[in-house]
Amino acid sequence: MREIRKSRKLDDVCYDIRGPVLSEAQRLEEEGFHVMKLNTGNPYAFGFNAPDELLHDIVLNLHDAQGYIDSKGLFPARKAVMQYCQQIGIEGVGIEDIYIGNGVSELIVMAMQGLLDNGDEVLIPSPDYPLWTAAATLSGGKAVHYRCDEESSWYPDIEDMASKITDRTRGIVVINPNNPTGSVYPREILEKIVELARQHDLIVFSDEIYDKILYDDTTHTPTASLADDILMVTFNGLSKVYRAAGFRAGWMIISGCRTHAEDYLEGLSMLSNMRLCANVPAQYAIQAALGGYQSIKDLLLPGGRLREQRDIAYRMLTDIPGITCVKPQGALYLFPKIDTGRFGIVDDMKFILDFLKEKKVLMVQGTGFNWPEPDHFRIVFLPRVDELEHVLGALKDFLETYRQI
């Protein structure tokens, strides 16, 4: 019989957060081992519950959530997002400029599919959240990675970004606060990115899913608040700030100059219509989330659980000989650098796999985030303090004798 092969469109698509190492973790679990999964930022798995008022609104409206709705989403949900835009300085956003999706992931793919022809280019940070690269590639485009500088708090290298703009470049992706580095970009960096987009007539895609997960009095500037003369597409949702990843409720906001983008926006509406609508029950939680008490703040203050876990994870990691790390100012991750010469590492996936097999802890290698060298990995600091201490103690013990062959 003829072999049934996957589409060639998938040949260059990579999503190692749920990749080959996860398959090995699942095999270990089938053998009866407990694996600590630090590969995804899944708050509920570590005891972070969504606010009760979100659950209440879903349950209360479940009877009315049985049918299809407007493909862009429930009116109250989109109105809540619109009002949130007004609060954070994104001007000129109306109800029809907002799309509700099955999480930000669906909307990222939609934004890329609606824009890219074969060979079109999108500037994406390195390291990145790998879905951006995968979505651009699957849409027929080319992900061109601009460097973020570890020596400068992981801020984007504006000169490197500018040098990679060509006549095929269609847009710039900004992930802020950043996953995997935890970097939060200052206003002046964002203004330089916006100016590049203005000079070259590019769209700015701003992934801001961690916008309220900030430490040490850090502030977040929404990229779309900085200009109304270029097209901006902003992404956010319930998964992280509101600890409701399983609800799959995210939103995409169109703002700025739309006069030259009518055809693209028509394409987005077409793609939105094709999937009929996003998950309806979860949309009833959006108004309660954005309009209610922002309980995430309690977790971030000194003594708050997330703040404490970040601090302990950072301290224990940087106490390990051969490990350095930029302290994250936002999000849920650390992206430490490992001395590859000290440990003889030439393949970071093998390093992560070896650690998984010996210590039963699952992390993700840096190359899985489109970082070019095998000298980083990402660790999620969502587990409780005692679990983090156990994991990082295990990592220290592992590295004391590790030498990659």
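## Briefing: helix contacts, sheets and backbone details

Helix α12 and helix α15 touch through two sets of side chains: E308, Q309, I312, A313, M316 and L317 on α12, and V385, L388, E389, L392, G393 and L395 on α15. Sorted by class, this contact holds eight nonpolar, two polar and two charged residues. Please keep in mind that the model is predicted.

**The α12–α15 pair**

- α12 covers residues 305-318 and α15 covers residues 385-401; their axes come within 10 Å and cross at roughly 15°.
- Angles under 35 degrees count as roughly parallel, and α12 and α15 are therefore roughly parallel to each other.
- The crossing in which α12 passes α15 is right-handed.

- Helix α14 spans residues 348-359 and packs against α15 at an angle of about 110°, the axes being 11 Å apart.
- This angle makes α14 roughly perpendicular to α15.
- The crossing of α14 and α15 is right-handed.
- On the α14 side, the contact residues are F351, D354, F355, E358 and K359, and on the α15 side they are V391, A394, L395, D397, F398 and L399.
- The class count for α14 with α15 is seven nonpolar, no polar and four charged residues.

**The α4–α8 pair**

- Helix α4 (residues 103-113) packs with helix α8 (residues 262-274) at an angle of about 135°, and their axes are 9 Å apart.
- α4 and α8 are therefore oblique to each other.
- Here too the handedness is defined: α4 passes α8 in a right-handed crossing.
- M110, A111 and Q113 are the α4 residues in this contact, meeting Y264, L268, L271 and S272 of α8.
- By class, α4 and α8 bring together five nonpolar, two polar and no charged residues.

- An open sheet of eight strands runs in the order β2-β9-β8-β7-β6-β3-β4-β5, with mixed pairing.
- β2 and β5 are the edge strands, each with a single partner, so one side of each has no neighbour in the sheet.
- Inside this order, β7 (residues 203-207) and β8 (residues 231-237) pair in the parallel sense over four bridges.
- F205 has V233 of β8 as its bridge partner.
- α5 lies across β3, β4, β6, β7 and β8, and runs at about 160° to β3.
- α7 lies across β5, β6, β7 and β8, and runs at about 170° to β6.

**The three-stranded sheet**

- Three strands make up an open sheet in the order β11-β15-β14, and the pairing is antiparallel.
- β11 (333-334) and β14 (364-365) are at the edges with a single partner strand each, so one side of each is left without a neighbour in the sheet.
- β11 and β15 (residues 377-380) run antiparallel and are joined by two bridges.
- The bridge partner of L334 in β15 is I379.

**Salt bridges**

- Side chains of opposite charge can pair when their charged atoms come close.
- The count for this model comes to 21 salt bridges.
- One of them joins the side chains of R78 and E96, at 3.6 Å from N to O.
- R78 sits in helix α3 (residues 75-88) and E96 in the loop between α3 and β2 (98-101), so-called distant parts of the chain, 18 residues apart.

**Backbone details worth a look**

- Most residues other than glycine have a negative phi, and most peptide bonds are trans.
- S126 and P127 are joined by a cis peptide bond with omega of about 5°, and P127 lies in the loop between β3 (121-126) and α5 (131-138).
- A cis peptide bond also leads from N176 to P177, with omega near -5°; P177 is in the loop between β6 (169-175) and α7 (187-200).
- S153 is not a glycine, yet its phi is positive at about 60°.
- This serine, S153, belongs to the loop between β4 (142-149) and β5 (155-156).

Definitions and conventions:
Residues numbered from 1 in each chain as written. Predicted model: local features only at pLDDT ≥ 70, side-chain atom pairs only at ≥ 80, totals over all residues. Heavy atoms only, no water. Axes fitted to C-alpha atoms, helices over the stretch in contact; angles between N-to-C directions. Parallel < 35°, antiparallel > 145°, perpendicular 65-115°, else oblique. Left-handed = near helix turned anticlockwise from the far one by under 90°. Contact = heavy atoms within 4.5 Å. Nonpolar A, V, L, I, M, F, W, Y, C, P; charged D, E, K, R; others polar. Pairing = 2+ DSSP bridges. Salt bridge = Lys/Arg side-chain N within 4 Å of Asp/Glu carboxyl O.
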